[in-house]
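Please bring up the model and follow along.

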Amino acid sequence: YIDTLIQVDLHQNQFTGPIPSTIGNLTRMEHLFLSENIFTGPIPESIIDMSILRILQLSTNHLSKSIPTVVCELKILGYIFLDDNRFTGSIPSNINNLRALQYLTLTRNCLSGTLPSVINTLSVLTKLDVTHNRMVGAIPTNVSYTMGSLGLGYNQFTGMYDGVCIYIYIYIVWMVYIVCACVCIYMYIYDSVYIYGCDCMCVVCVCIRVYILCTINYLTITN
């Protein structure tokens, strides 16, 4: 009855050698946990037969070679944990097939190449972590601003993440608003002679605040 298993949890053991290709016989598998072992070699291509797999947890092993493109053909796969391994090559270009993907952790591998721009098409992706790899190139400007967690450190990316630029800009403008508001209050309380100037300052503050809210609303709509 092994082919009827829905979940297998073998994490924190001392399993060695490659993941057997016969794992593809577990066609009803939804959750596979093999983390914290000593598995070596590639992810078997037969994983494509696990068509209803939802969680793939292979972190903290000695797995190597490139991430097979067949992983990205598992249409309902929502969570992929491949961190702390020895994977090489680039992130598969067909990763946009994983429409249900929510978590993708690839930290501490030997991945190279660029971050695929198609990452942005994964509308439910909330966490992407590629820290501690050897990735290069510019960070795609269309990476979703609404992603909850984005880890890009310890690579060789160039330029600045566009979302970071936007939020730094909003932060600076917001600080200007706070300073103007404080000056306005001070002038109103301690120096009524400048009440006209205070009114002008208040108008400036309101304008800046409206601009911030419009900017945030624009980012929300466009993403």
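Cys-72 is buried, at a relative accessible area of 3%, where buried stands for under 20%, exposed for over 50% and partly exposed for what lies in between (1.4 Å probe, protein chains only). Cys-110 has a relative accessible area of 24% and is therefore partly exposed. With a disulfide taken as a pair of cysteine sulfur atoms within 2.5 Å, the structure holds zero disulfides.

A word on the basis: this is a predicted model, in which local features need pLDDT of at least 70 and side-chain atom pairs count only at pLDDT 80 or more, while totals for chains, interfaces and linings use all residues. Residues are numbered from 1 along each chain as its sequence is written, and side-chain values use heavy atoms, leaving out hydrogens and water.

Now to the rings. Rings of Phe, Tyr and Trp (its six-membered ring) pair if their centres lie within 6.5 Å; planes under 30 degrees apart are stacked, over 60 edge-to-face, and the rest tilted.

| Pair | Centre distance | Plane angle | Class |
|---|---|---|---|
| Tyr-79 and Phe-81 | 6.5 Å | 10° | stacked |
| Tyr-79 and Tyr-103 | 5.4 Å | 35° | tilted |

Tyr-79 lies in strand β7 (residues 79–81) and Tyr-103 in strand β9 (residues 103–105), so their pair ties together parts 24 residues apart in sequence. Strands here are DSSP runs (E, at least two residues), numbered from the N terminus. Tyr-79 is partly exposed at 27% relative accessibility, and Tyr-103 is partly exposed at 31%. Ring pairs link Tyr-79, Phe-81 and Tyr-103 into a cluster.

Technical notes: Helices (H or I, at least four residues) and strands (E, at least two) are DSSP runs, numbered from the N terminus.
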